[in-house]
Amino acid sequence: MRRWFLSALLLLQAIALAYAADQKVLATDDVNAQVTKPDSATQSDLGPTEHHTWNPYQNGWELVTEAMTELRKIRTPTHRRSKKQTGVFTNLFYYALKALPSLRATAPPGHEHAPPVITGPLLEGVKLLQQAADQNNTDAIYLLGQFNFYGNYSHPRNFKTAFDHYYRLASQYGNSSAQYMVGLMYATGVGDAVERDQAKALLYHTFAADQGHTRSEMTVAARHMNGIGVPKNCEIACKYYKRVADKAMTWFRSGPPGGMTIVQEAYRLSDEVGGVYGEGASFVSSGINALKASPHSDAYASIDDVIEYLDLMSQKGDFKASFNLGRLYYEGQRGLERNVDLARRYFLSVTTKYWRAKDGRPADGAKPQLEKIASRAAGYIGRMWLRGEGVNQDFKAAYKWFDRGIKHGDAQSQWGLGLMYLHGYGVRKNVPKAFEFFKAAADQDFGLAHVALGSLHLDQGQPDDLKVANSYFEAAARWNNLEAQYYLAEMIHHGVGRDKTCGVAMQYYKNVAERSESLVSSWTEANQAYEEGDLELAFLDYVMAAEQGYEKAQNNVAFLLDPTHSVFSLPNWLKRQASKPRLLQNSALALIYWTRSAIQSNIDSLVKMGDYYLSGIGTEIALDKAAQCYTGASEYFQSAQALYNLGWMHENGVGLTQDFHLAKRYYDQALETNEEAYLPVSLSLVKLRVRSAWNTFTHGRINSIRDEPAPKKNWSLKEWIQNFLQDDDSQYYEDPYEDLYDETITASDGEPMGDEMDADLDGIFESFLILSLVASIMFLMWYRTQRQQAHRQAQENAARQQQQQAAAGMPPQQHQNGGPLGHQQPQAPQFPPLGNPNFAQWGAGGVGH
């Protein structure tokens, strides 16, 4: 047993030594074992869009050619590092190796942070470039700057040297790409090469933008839009964004019929973990933005899981799964590379189930809805033939598939035929017929058809046509159509069919420019570097996109630099990843990009700003600014985190007046905004109530928690009657046995019956009460009318009788009280005669009274 244990221990030690040796090789100067491919940003910067082309007529161009030959000898890595999380057993094995004692006895290194030494082809290539640069070869100077900035070919980064090369090229030769890089380094102070100077940054970016440098044009536009280092100016921002949008549309329309295919690469790194504060605590994943789906819903599935499930269902013959797989591979997305060959294969698997391969006729006994799905698949196949995607462009084949699709009303097929008739692709040009096809597709809300119809109406130029064109473009813009947004920007900017509004036009131009990512930005390179685990290179590429005004890039830069990702940090010996590189330790720069992201309406970034000002991260402590940030983020109950922080500040009197009652109100609002904040809010409320009770008991000066005053309202008679008649049972009566009722009794439609039965009974009672009141009122009105009619009839009869007696000469009939009939008058007292014995008594009584 002891021998077995000793053997296992030796085996683990051997594995640990091999692991440590591998780690040492990667950290040493063996460049050949760590080389990477040339950075794609370098190639894009040397392209015609960046205005830096090779000049073979300069001095030293032969040396540059030899240097490029040497650099091509560098081996590219066969595998790439990945940021994918490891499993439980891998982590346990790693920690077991860390726990074992090391048996090596080596001397301590003489230089712990010695800079790496380049060797081999990289060294020869750099020497040749340096010789060419000494002969003032601009290509060599620029390449040396790129090597030192990006670390291409595993060249060590040296931002001070890179800045010197860029500054020399920009100041002496006016190179726009070098001016852009100098402006970038002045704007960010990256690598501490130079001190941040926003005025100089704007100056160099303006120089480059005036020469047509696309990224500098976007940078200048973003600075004038947001007022970064310069007063806000909508006109200047709109001018530069329009330049970039014009280039973007030229590039978009240079593609196959229908325009270039655009796959969006921009995203926020923090969204992968539920937001800046994590799942359930960030604004993007809590409250109204929380992902409320059942545990078995595919909303929580990754794209790989979705692909795997759909492929399994497709193999079982599910034509809907096959069609959805074809769409995913045809359109592509971040994390799923576009594959038109595989998409076409899935679409064909659907169409062959409906149309026969021999004669193209529909198969007998087709499944329900197969004809509709097959027509949509035919539309995609026709689009591939029309554009030449994965196949050689063939207009006849495209027409055949589009013709199949329109027989079942496929909107994409109608648009495709309209495009062919509009431009004469394989058919005779016929604009009226194209208009009919576009109209049929637009009636099904197909965005590309809306753009085509809007363009046709816009060409007419009449006021009515301009209104119709505007409506079509707005309909397509709802689907985030690039060309529709450009048309709207042009109409608003020039005042054609729309009022001239600088802000709206600028926003449309900005959307068009930012969506052309592959043309104007470094998003692809940044995402690739981040996935490979090269955080420094990803940071540099994200910084470039952030300076161009991309809010998501600004958020990514701040997220990479943020030193407060977690409140509870693990000890260093338990961390799998090494500490942050020095390049990513810049809290002041993080605050700058949190601020710029917040300016573009990012709520979590605004809360982060408050955290930095509250704790003095990257700046001095500014409690008033922290309170302003939290207040702005808490408006309309957007951020529960901001509301909680305001409650904490009121509870402890930090930056705000210490007020336990207001603190409780903010805590309650935080819980109301985000139900997942139940535990921290409940604990805080318990502590707050204890402090408030003690404050009340000791007669402290702090405003303690008190009951909210009940709102009182003086009702008018009309309002009182209305409130009396409506259902207020919940306010005046509580059923003590309500919890005992079984609400699971359902009707035939599966809906609970309890509430509906109670509502029906309440409705019947109210109806009976109202009908009884109405009937009583009607009876009283009828009785009063009958009495009035009887009285009036009696008067008429008495008057008629008097007339008859007067006509006959008879005295009028006296009433029993001595008056005429019908007139009740008081009877006068009778005087006794003078000789009557009662006369004296009557007279005495009269005198006595």
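Which helices are included in what covers the buried residues of α26? The cover includes α24 (523-531), α25 (535-547), α27 (587-599) and α28 (603-615). Before going further into that spot, let's step back to the whole chain, keeping in mind that this is a predicted model.

**The chain as a whole**

You are looking at a chain with 36 helices and zero strands. Of its 849 residues, 39% are buried. Among the contacts with a separation of 6 or more, 58% come from residues 24 or more positions apart. The accessible surface amounts to about 49,600 Å², and carbon and sulfur atoms hold 55% of that surface.

**A covered helix**

Back to α26, which spans residues 551-561 and is mostly covered, with 10 of its 11 residues buried. The buried set takes in Glu551, Gln554, Asn555 and Asn556, along with Ala553, Val557, Ala558, Phe559, Leu560 and Leu561.

**Two helix pairs**

Two packed helices are described by the angle between their axes and the distance between the axes.

| Pair | Residues | Angle | Axis distance |
|---|---|---|---|
| α30 and α32 | 640-652 and 678-697 | about 15° | 12 Å |
| α16 and α17 | 395-406 and 411-423 | roughly 140° | within 8 Å |

Take α30 and α32 to begin with. Their axes pack at an angle of about 15°, and an angle under 35 degrees counts as roughly parallel, so α30 and α32 are roughly parallel to each other. The crossing of α30 past α32 is left-handed. On the α30 side, the contact is made by Tyr644, Glu651 and Asn652, while α32 brings Pro680, Val681, Ser684, Lys687, Leu688 and Arg691. Sorted by class, the residues of this contact are four nonpolar, two polar and three charged.

Now for α16 and α17. With a crossing at roughly 140°, these two helices are therefore oblique to each other. Here too the crossing is left-handed, with α16 passing α17. From α16, the contact draws on Phe395, Ala398, Tyr399, Trp401, Phe402, Asp403, Gly405 and Ile406; from α17, on Gln412, Ser413, Gln414, Gly416, Leu417, Met420 and Tyr421. The class count for this contact is nine nonpolar, five polar and one charged.

Methods. Residues numbered from 1 in each chain as written. Predicted model: local features only at pLDDT ≥ 70, side-chain atom pairs only at ≥ 80, totals over all residues. Heavy atoms only, no water. Helix = DSSP H or I, 4+ residues; strand = E, 2+ residues; numbered from the N terminus. Buried < 20%, exposed > 50% of the residue type's maximum accessible area, 1.4 Å probe, protein only. Contact = heavy atoms within 4.5 Å. Areas by Shrake-Rupley, 256 points an atom, 1.4 Å probe, with all protein chains shown as cover. Axes fitted to C-alpha atoms, helices over the stretch in contact; angles between N-to-C directions. Parallel < 35°, antiparallel > 145°, perpendicular 65-115°, else oblique. Left-handed = near helix turned anticlockwise from the far one by under 90°. Nonpolar A, V, L, I, M, F, W, Y, C, P; charged D, E, K, R; others polar.
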